[in-house]
Amino acid sequence: MSVFDGLRFRRVYSPIHNLDPRIKFVYVCAIFVAAIIFWELLPLIILFLVQVPFVVLAGVKREWVRSMRGAAFLATIIFLTNFVFSFIGAGYTVTASNVEYALAMTLRFVVLIESFSVFFLTTSPDHLGLALEQTRIPYEFCFAFTTAVRFVPVLAEEAQTIMDAQKARGLELERGNFLKRIRNYIPILIPLIVSAIRRSLELAEAMESRAWGATKNRTNLYMLKMHRGDFVLIAITIGILVTAFYIRLFFGIPSLNELLGSLF
Amino acid sequence: MIEVKDIRFTYPNGVEALKHVSLRIKNGEFAAIMGENGAGKTTLVKHFNGLLKPTSGSVLVDGVDTRKVSVATQARKVGFVFQNPDHQLFSETVEEEIAFALKNFGFKETVTKRRVTWALNLLGLAQYRKTSPFMLSGGERKRVALASVLAWNPKILILDEPTIGQDYQQKEKLRQFILQMKAQRKTIIIVTHDVEFVAECNPRVLLMREGRIVADGEARKVLTNPQVLTQASIVPPQIAQIFIHLSDLELPKDIIDVYEARQTLLNVLERQVK
């Protein structure tokens, strides 16, 4: 569950938290694209490092490190799969480029997780909803989205209570073979789903009794406005994208091995 | 016997829910744990069947440390009925719901059948044997949850808020049932806000406040002590309130039982007539 820790928002103020979520989202997408177009280790290392200042500036180091640690397991699997397949492909020999390729694929995944983690750690669900609304997405969808985000911790807590209740009735989750273990989760999942449905019906009734959707044109107390920081981020985003494409199209990227070889 | 030795418990989010709690509940005792929301009542009772392990200190049930055995093993001895029945009901029929725990504990099929029938009759659910638990009303679901724990006949029974959503008749049945269990030398622990229910049952009362036990004693002593009650944000039972307001008559103050109150007042009236 620690992967999700890195996606949980805490209300603090920092230059990054105050940025317009729309611009932040565009930035994350740009990093995404940049990470996809490279398969060499060197540029991916740079992409990884580019984000560190954001983390430091936002003051979310601890949460970020936790989410990186949570991603470590998947990252290891990605590394091993890539390594084993390139090992077989290269005729059962370990070469420096093999290892480098596997490392690059792993780092690509880490960069994706890293940028998403920074986005979610520094964007409040309310801001996200506001951003969706101001991009002219129908309010019903925005509301559904923000509600879903808001109920994730509630659901997690409820799952814990249900597990406790069933354990108190002698359920042992870790008992039996693989299939039996999956079946062990039925007594957890059914109450969880039933109560989620029940809650959503109750929520719908509560909303209707409070005149949800009575006015067509909603107004907001807070409006998102672009500030100087947002323009700086746009410039950075464009800079990263242009540089990335330029390098991709017009330069050969040396592998780390070659680079180190030419230096010494 | 449950022995709680100087336990502290801190939740992963850093909230310290229990601060140096020690207590001892003997076999066959009937105790009610009361106190305001967030006082640590549920956290405390979750230590009795090992769902939570103390951060420091220890909990011994019949001399066995709860840290040394699994919850499932401990549950055979300590039955725990959760506050919200919807957190445990999942089967297609009430009958299967009650049999679930018995299967987990490895009871034989014939024994399981007998016990299910016994539990259904005990809580007046026999007519719902083949009904889906999700089709029942809130109060009935609560009784199914209770039946599903009673079925394996645990030595110690913990009930978290058993009276919520129950009408007077069901509460009275619950009271009778608790007294019956007590007569069978079972240990019963209830967590509740229902002062009147506790006043009628007259158990040992443990008052909690901010992770500590602030009062421990007979209900008639604790529930008539305005000082500790305000500390734990509890209103005294109505009978006790009357006797507090009638302090001019020089009546005894530790009365919470309706019949005892009636007798005392009649005695006073007779004296005045003479």
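**Two chains and how they meet**

Let's start where the chains touch: 17 residues of chain A are in contact with 20 residues of chain B, where contact means that the C-beta atoms of two residues, placed from the backbone, lie within 7 Å. On the chain A side, the elements that give two or more residues are α8 (139-167) and α10 (186-209). Helices here are DSSP runs of H or I with at least four residues, strands are runs of E with at least two, and both are numbered from the N terminus. Sort that side of chain A by class and you get nine nonpolar, four polar and four charged residues. For these classes, Ala, Val, Leu, Ile, Met, Phe, Trp, Tyr, Cys and Pro count as nonpolar, Asp, Glu, Lys and Arg as charged, and the others, Gly among them, as polar.

A word on what you're looking at: this is a predicted model, with local features needing pLDDT of at least 70 and side-chain atom pairs counting only at pLDDT 80 or more, while totals for chains, interfaces and linings use all residues. Residues are numbered from 1 along each chain as its sequence is written, and chains are lettered from A and ligands numbered from 1 in the order in which they are written.

Now for the domains, whose bounds come from an automatic or database domain assignment. Chain A splits into domain 1 (2-123 + 226-263) and domain 2 (130-209), with C-alpha centres 31 Å apart. Chain B is divided into domain 1 (2-88 + 154-233) and domain 2 (237-274). Within chain B, ten residues of domain 1 are in contact with ten residues of domain 2. On the domain 1 side, α7 (195-201) and α8 (219-222) of chain B are the elements giving two or more residues, and the residues of that side are five nonpolar, two polar and three charged.

Stepping back, chain B has eleven helices and ten strands. Its radius of gyration, taken over C-alpha atoms, is 20 Å, close to the 19 Å that the globule rule (2.2 Å times the number of residues to the power 0.38) gives for 274 residues, so chain B is as compact as a globular protein of that length. Of its 274 residues, 44% count as buried, meaning that 20 or more other C-beta atoms, placed from the backbone, lie within 10 Å of a residue's own.

Finally, find helix α11 (residues 258-273) of chain B, which has 16 residues and reaches 23 Å from its first C-alpha to its last, close to the expected 22 Å (1.5 Å times one less than its number of residues). Zero of those 16 residues are buried, so α11(B) lies largely in the open.

Note on methods
A residue is buried if 20 or more other C-beta atoms lie within 10 Å of its own, exposed if 12 or fewer, and partly exposed in between; C-beta atoms are placed from the backbone.
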